[in-house]
Amino acid sequence: MAKRPVPKYDFKAFGAAIKEARKGRKESRKKVSDKMYISPRYLANIENKGQHPSLQIFYELVARYNISVDQFFFPDNETEKSTQRRQLDTLLDNMSDAGLRIVAATAKEVVEVESEKD
């Protein structure tokens with residue numbers, strides 16, 4: 001029986017998102033790889049070459065950096081939160097009430113400015 005021809009999923013966009021999130025947290029590859037018990041080279045290959053991570057490593061990276069996989073697997077589905085939105089939600093969850101008021105006021109101002117452009 002012949003093997004079913006299936007194109008391999010390209011993980012380059014996922015790797016780029018992991019790299020951006022890692023750098024955003026100012027974490028070195030060495031630090032992350034030590035915590036995850038993987039080699040720095042394996043992490044570099046995921047980030048730079050789109051190497052397919054194991055399912056366990058994929059899960060751990062998604063959980064560690066609060067990455068939305070929907071944007072990679074279902075790019076046309078805009079109902080799910082993007083990675084950027086999920087990361088912002090995480091930051092907001094850890095913010096004080098005073099900080100939330102500042103962010104809300106800033107967001108309202110940005111929305112007003114953007115609506116004036118239309």
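In this predicted model, the side chains of R25 and E27 meet in a salt bridge with an N to O distance of 4.0 Å, a salt bridge being a side-chain nitrogen of Lys or Arg within 4 Å of a carboxyl oxygen of Asp or Glu. Residues are numbered from 1 along each chain as its sequence is written. Local features need pLDDT of at least 70 and side-chain atom pairs count only at pLDDT 80 or more, whereas totals for chains, interfaces and linings use all residues, and side-chain values use heavy atoms, with hydrogens and water left out. Of the two partners, R25 counts as partly exposed because its relative accessibility is 45%, while E27 counts as buried at 10%; buried here means under 20% relative accessible area, exposed over 50%, and partly exposed in between, computed with a 1.4 Å probe on protein chains only.

E27 is placed in the loop between α1 and α2, where helices (H or I, at least four residues) and strands (E, at least two) are DSSP runs numbered from the N terminus. A salt bridge also joins E27 to R64, the closest N and O atoms being 3.2 Å apart. Since R64 lies in helix α4 and E27 in the loop between α1 and α2, this pair ties together parts that are 37 residues apart in sequence. When neighbours within four places in sequence are left aside, E27 is in contact with R22, V32, R64 and Y65, contact meaning heavy atoms within 4.5 Å.

In total, the structure holds five salt bridges. Side chains of opposite charge can pair when their charged atoms come close. One of these salt bridges is formed by the side chains of R22 and E47, at 2.7 Å from N to O. Because R22 lies in helix α1 and E47 in helix α3, the pair ties together parts that are 25 residues apart in sequence. R22 counts as buried at 6% relative accessibility, and E47 is likewise buried, with a relative accessible area of 4%. Together with R29, the residues R22 and E47 are linked in a network of salt bridges.

Two packed helices are described by the angle between their axes and the distance between the axes. The axes of α1 and of helix α4, which comprises residues 55-65, come within 10 Å and cross at roughly 40°; axes are lines fitted to C-alpha atoms, for helices over the stretch in contact, and angles run from 0 to 180 degrees between N-to-C directions. The two helices are therefore oblique to each other, given that angles under 35 degrees count as roughly parallel, over 145 as roughly antiparallel, 65 to 115 as roughly perpendicular and the rest as oblique. The crossing of α1 and α4 is left-handed, a term used if the near helix is turned anticlockwise from the far one by less than a right angle, with right-handed used if clockwise. In this contact, F14, I18, A21 and R22 of α1 meet F58, L61, V62 and Y65 of α4. By class, the residues of the α1 and α4 contact divide into seven nonpolar, no polar and one charged, where Ala, Val, Leu, Ile, Met, Phe, Trp, Tyr, Cys and Pro count as nonpolar, Asp, Glu, Lys and Arg as charged, and the others, Gly among them, as polar.

Helix α4 is also crossed by α2, the axes of these two helices coming within 12 Å and crossing at roughly 120°. That angle makes α2 oblique to α4, and α2 passes α4 in a right-handed crossing. From α2, the residues V32, K35 and M36 meet I57, E60, L61, R64 and Y65 of α4. The contact of α2 with α4 has five nonpolar, no polar and three charged residues.

Most residues other than glycine have a negative phi, and most peptide bonds are trans. K26, although not a glycine, has a positive phi of about 55°. K26 is found in the loop between α1 (12-24) and α2 (29-36) and, at 75% relative accessibility, counts as exposed. Y37, a residue other than glycine, also has a positive phi, near 60°. Y37 belongs to the loop between α2 and α3 (40-49), and its relative accessibility of 77% means that Y37 counts as exposed.
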